[in-house]
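Keep the viewer open as you read.

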Amino acid sequence: MAETITFFVDKLSNLAIQEASLFGGVEGQISLLRNELEWISLFLEEASATSNDGRRLKLWMNQIRDAAYDAEDVIDEFIVRLEHQRQRRLQNLKFLTVVLPTCVIFADKLPLIHELDGRMKEINVKIEKILANKSRYCVENAMMPSGAWSSSSPNEVVTWGEKRLPIVEEADVVGMKDEAEAVKEMLKINGELERGVVAIVGMGGLGKTTLAKKIYNDPDVNRHFQCRALLYVSQVYTIQELLMGIAKKDFKTVLGQEAETKEIRDMGENELGKKVCEYLEKRRYLIVLDDVWSIQVWNRLCLYLPESNGSRVLITTRNEQIALDAYAKLYRLRPLGEKESWELFLKKTFPTGSRSTISQVECPAELEDVGKKITGKCKGLPLAIVVSGGLLSRKEKTPSSWEKILKSMEWHLSQGPESCLGILALSYRDLPYFLKSCFLYFGVFPEDCEIKASKLIQMWIAEGFVQARGEETVEEDVGEDYLEELIHRSMIQVVKRKWDGRVKSYRMHDLLRDLAISKAKDSKFFEVRGNIFAYPFNPRRLIAHDSQNISQHLSNCHHLRSLICSIHIPQVNFWSCLRSAKLLTVLDLTLTVDRGIKRPEMKLPKEIGEFIHLKYFRFLGPSQTRFPWSIGRLINLETLDLRYNFYLDIPFSILKLHQLRHLYLGFHTMFRMQIRDQRCFSSHLGIDKMTNLQTKLIVEESALPSLKTLQIYQCYEMEKLLHQLQKLKSLQQVKLEDMNDSLIEEIKNTKGEEFDKIRLITSIT
């Protein structure tokens, strides 16, 4: 809650500085609102650090949040209406050859400014009444401060430069050696030739995925099986996606040397399944199906898995009946014993390196008794132990501090039978206020999916969750620090790291994701499809993966700030319904069409340019997509991600996006621009296979001044690049993949101090 108010206060401060000419007439009301919200924010930070969830306090906090949302909506709607007014004026006055006096232009704004002033006064009166209720209904008395909770500020998060000790990775969890050997024996590597199925069964948080990955990566298993695939299934899946997961290990062999990514994506289940089956028939394979919730997964997938060559399938599931229906050999995973639980707890609480042994980890004698009590509350569940250890690793190593944590655990566990969920909720409460929204945001992604860290951080920044620390740092670096802090607290799991140790991708345990969704729903942080048909319905963030009938509801979402959805086209009036959400800041949109349509085309409507508050825009559409000229009106856009689209028509107006920091247009994309002057090729940044680009990239001096990330793939004809990159003054990262040898030689061998700077930020693969 406090983070919501803090983000809005920062926004008000920035607007007051950057748009002083717009708000001059209402400066007093905005200043009054900002001052009140600053005090409220401090109070809410303290309130979030209490162990009491009293109804009075929660109601009061919800009313304050709603009032802040109202104020934000009023101000942003005012900016949208001003921009529309400006566009109309430009259209109506094109014939004029004189410049209008400033007083005439300001006169047009007066009605809007007068309306804004009135609405801001109403909101300030509303907040004053809510503040009065705090004393009237003794809200302060509902707060029970607890020294166990975090009160960190954003500046106190450990930065990447301050190298922290490596934390215990999943692969190092203790107590899994005997279990892994037992499951390997059940797989009977040297035994039966027919296809066999083994299932690891156990409750959530018990370590089923960890054990399955340990077996999957075992050297003996690796040597024995010629083909392996680890597939995350969860509750939302398609058989085609699972088949693609098997095929991606060796696309060319599975699907033929001439196979293209576009053709693969358009294949139906039967066609793709047949090719996968033909590939597996000649090999001994191991397929791991992790987190299976329905027997239908196995019933359909097994049709494409040959039954010979001594191949094996390993399933993890919470439901024992699924394993029985699949005729699998059962391995019932048990909770950790007292000794193993204590060892894992010590590794997480006192990290001395990712490969440390228990003999290298010591617990001070005065903490051992309370530490073992805390471990006992986790009841042998590795996830609960790991998260608890991560929490205590950030606390003072004193008996009084740990005793407070123990008492808080006892209180949470007394609220319900789900001990693991209670402990996870405890760790969420301990997060600093500025990290709580960052954690809740993990819930917007599908279950068990692997998420790129760069995408997550860019979305955080667009939402306003991340602020630069002074002039020395950039928001992306602060976002990385936030991510590392959550990893250190064991709230998320690292999947891949970059060569320098930074996070490349992550995954969240489904129980922690459930916690994020539950807390988000409680605080109206976002809505997930399934809840969206309850009224009144006017969410600020809407998540709708694979939604079939979302269009009819969008027309009511006037205050929507983020839309993350995957929908099937055509949906009736989708774009016209989306127009009502003019305050969008984040738009992550995947559009699909019927597979029978060959080379489907889509022309995005010109109204896309009305989303002037948009900062993050990711789009994945049909084979051919044409963007309108109005895209140049997205003056606040910072990230434009069009990766994995095949044929794009991007207008020259993209060069007007001066705030653009990250531009992605990925594999198999044809970038076409209907322009006459070759100097305009400055907009060809991050684009591959441009057949109309012959030997060089020409960049204008003023092109895309905020661009930080540039990716270029498979531009085989491009021979010159280095000199042009010098003109992109904000560039921080260049990625080149599968490029012309002469261009690579130019980058490696050109002498000069300025060129050395470019080489330092360039990666070549």
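Over residues 531–536, how many contacts beyond four places in sequence does the model have? This is a predicted model, and for that stretch, where pLDDT stays under 50, the count is 9. Another stretch to treat with care is residues 667–696: pLDDT stays under 50 there too, and the model has 95 contacts beyond four places in sequence for it. Where pLDDT is low, the predicted coordinates should not be read in detail.

For the chain as a whole, the average pLDDT is 76, and 72% of the residues score at least 70. Among the elements, the lowest mean pLDDT, 44, belongs to strand E19 (residues 670–672), while strand E4 (residues 312–317) has the highest, at 94. The secondary structure comprises 27 helices and 22 strands. The chain has 765 residues, and 55% of them count as buried. If you take the contacts with a separation of 6 or more, 67% of them join residues 24 or more positions apart.

Now let's turn to a pair of helices. Two packed helices are described by the angle between their axes and the distance between the axes. For helix H14 (residues 338–349) and helix H15 (residues 365–377), the axes come within 10 Å and cross at roughly 110 degrees. Because angles of 65 to 115 degrees count as roughly perpendicular, H14 and H15 are roughly perpendicular to each other. Their crossing is right-handed. On the H14 side, the contact is made by Ser341, Trp342 and Phe345, and H15 contributes Glu368, Gly371, Lys372, Ile374 and Thr375.

Most residues other than glycine have a negative phi, and most peptide bonds are trans. Lys379 is not a glycine, yet has a positive phi of about 55 degrees. Its relative accessible area is 55%, so Lys379 is exposed. Ser490 lies in the loop between helix H21 (475–488) and strand E7 (493–497). Is Ser490 buried or exposed? With a relative accessibility of 8%, Ser490 counts as buried.

Next comes helix H20 (residues 453–463), which is mostly covered, with 10 of its 11 residues buried. Among the buried residues are Leu456, Ile457, Met459, Trp460 and Ile461, and the list also includes Lys455, Gln458 and Glu463. Just after H20, Gly464 takes a positive phi of about 90 degrees.

Our last stop is Ser505, in strand E8 (residues 503–507). Ser505 has a relative accessible area of 3%, so it is buried. Which residues does Ser505 touch, leaving aside those up to four places away in sequence? They are Glu450, Ile451, Lys452, Ala453, Val494, Val495 and Lys496. One of these, Ala453, is also among the buried residues of H20. Finally, Ser505 and Gln493 are 12 residues apart in sequence, with their C-alpha atoms 8.9 Å apart in space.

Technical notes
Residues are numbered from 1 along each chain as its sequence is written. This is a predicted model: local features need pLDDT of at least 70, side-chain atom pairs count only at pLDDT 80 or more; totals for chains, interfaces and linings use all residues. Side-chain values use heavy atoms; hydrogens and water are left out. pLDDT is the predictor's confidence in each residue, from 0 to 100. Helices (H or I, at least four residues) and strands (E, at least two) are DSSP runs, numbered from the N terminus. Contact means heavy atoms within 4.5 Å. Axes are lines fitted to C-alpha atoms, for helices over the stretch in contact, and angles run from 0 to 180 degrees between N-to-C directions. Angles under 35 degrees count as roughly parallel, over 145 as roughly antiparallel, 65 to 115 as roughly perpendicular and the rest as oblique. A crossing is left-handed if the near helix is turned anticlockwise from the far one by less than a right angle, and right-handed if clockwise. Buried means under 20% relative accessible area, exposed over 50%, partly exposed in between (1.4 Å probe, protein chains only).
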